[in-house]
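Please look through the sequence and the model below before reading on.

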Amino acid sequence: MVSIRDVAKHAGVSPATVSRVVNGLVGYSDETRERVETAVQSLSYETDHLARALKTRQTSVIGLLAPMVSDDLASQVMQCVEKEAQERGYAVMLGRTGAKSAYIAGYLRTLRTYRAAGVILISAVITPETRQLLGPRVPIISVAISDKSGSPSVAINDEQAAYVPA
């Protein structure tokens with residue numbers, strides 16, 4: 001496997017410069033960017049996600065937990081999340097939880113050990129226990145259910161929606 005050091009040597013720059021170019025950060029000239037991109041292509045360099053995870057202590061995995069995957073809402077949310085995640089270089093780990101909180105707890109523990117970049121819960125409230133299982137560093141959001149606890153959530157105002165003409 002080609003390393004970032006190999007790309008740096010080929011392009012005549014430092015590994016830090018290669019990292020900045022590959023990650024779209026600033027701090028290099030257009031000429032340097034072109035040299036690095038040429039080296040990346042000619043050497044068929046691919047980002048080592050394991051090395052990145054070791055350095056950042058976070059993976060590019062997003063947990064998506066839903067009670068039922070055949071549900072229309074859950075299916076639409078999953079499609080949108082997966083599309084957006086892939087465009088941004090993330091992988092989605094899908095978990096079907098049913099109505100059992102034990103399944104949610106198990107997935108949250110797994111996602112914590114995988115150092116997930118974030119978790120999306122479909123139709124589930126974020127409880128203090130949920131937050132504790134996941135740990136304080138992993139962002140979590142609830143979708144399709146109004147969460148009165150102050151945790152981040154996205155939901156439809158059902159009462160207001162009842163008054164909107166079809």
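Leaving aside its neighbours within four places in sequence, which residues is threonine 17 in contact with? Threonine 17 is in contact with Tyr28 and Thr32, where contact means heavy atoms within 4.5 Å. The structure is a predicted model, in which local features need pLDDT of at least 70 and side-chain atom pairs count only at pLDDT 80 or more, while totals for chains, interfaces and linings use all residues. Residues are numbered from 1 along each chain as its sequence is written, and side-chain values use heavy atoms, with hydrogens and water left out.

Threonine 17 lies in helix α2; helices (H or I, at least four residues) and strands (E, at least two) are DSSP runs, numbered from the N terminus. In helix α2, which covers residues 15–22, Val18 and Val21 are buried along with Thr17. Seen down the axis of α2, these buried residues fall within an arc of 100°, so they line one face of the helix, the arc being that of the directions from the helix axis to the C-beta atoms. What do the buried residues of α2 pack against? They pack against α1 and α3, and the three pairings of these helices can be taken in turn.

For α2 and α3, the axes come within 10 Å and cross at roughly 90°; axes here are lines fitted to C-alpha atoms, for helices over the stretch in contact, and angles run from 0 to 180 degrees between N-to-C directions. That makes α2 roughly perpendicular to α3, given that angles under 35 degrees count as roughly parallel, over 145 as roughly antiparallel, 65 to 115 as roughly perpendicular and the rest as oblique. On the α2 side the residues are Thr17, Val18, Val21 and Val22, and they meet Thr32, Arg33, Val36, Glu37 and Val40 in α3. The residues of this contact divide into 5 nonpolar, 2 polar and 2 charged, where Ala, Val, Leu, Ile, Met, Phe, Trp, Tyr, Cys and Pro count as nonpolar, Asp, Glu, Lys and Arg as charged, and the others, Gly among them, as polar.

For α1 and α2, the axes come within 8 Å and cross at roughly 100°, and that makes α1 roughly perpendicular to α2. Here Ile4, Arg5, Val7 and Ala8 in α1 meet Pro15, Val18 and Ser19 in α2. By class, this contact of α1 with α2 has 5 nonpolar, 1 polar and 1 charged residues.

For the remaining pairing, helix α1 (residues 4–11) and helix α3 (residues 30–43) have axes that come within 9 Å and cross at roughly 125°. That makes α1 oblique to α3. The residues that meet are Asp6, Val7, His10 and Ala11 in α1 and Arg35, Val36, Ala39, Val40, Ser42 and Leu43 in α3. These residues of the contact of α1 with α3 divide into 6 nonpolar, 2 polar and 2 charged.

The backbone can be considered next. Most residues other than glycine have a negative phi. Just after α2, glycine 24 takes a positive phi of about 70°. Serine 44 is not a glycine, yet its phi is a positive value near 55°; serine 44 is found in the loop between α3 and α4 (49–56) and is exposed, with a relative accessible area of 56%. Arginine 115, in the loop between α6 and β3 (118–122), has a positive phi of about 55° although it is not a glycine, and at 35% relative accessibility arginine 115 counts as partly exposed.

Not counting residues up to four places away in sequence, methionine 93 touches Val61, Ile62, Gly63, Leu64, Leu111 and Tyr114. Alanine 99 lies in the loop between β2 and α6 (101–113), and at 84% relative accessibility it counts as exposed. The C-alpha atoms of alanine 99 and alanine 66 are separated by 9.2 Å, with the two residues 33 residues apart along the chain.

Notes: Buried < 20%, exposed > 50% of the residue type's maximum accessible area, 1.4 Å probe, protein only.
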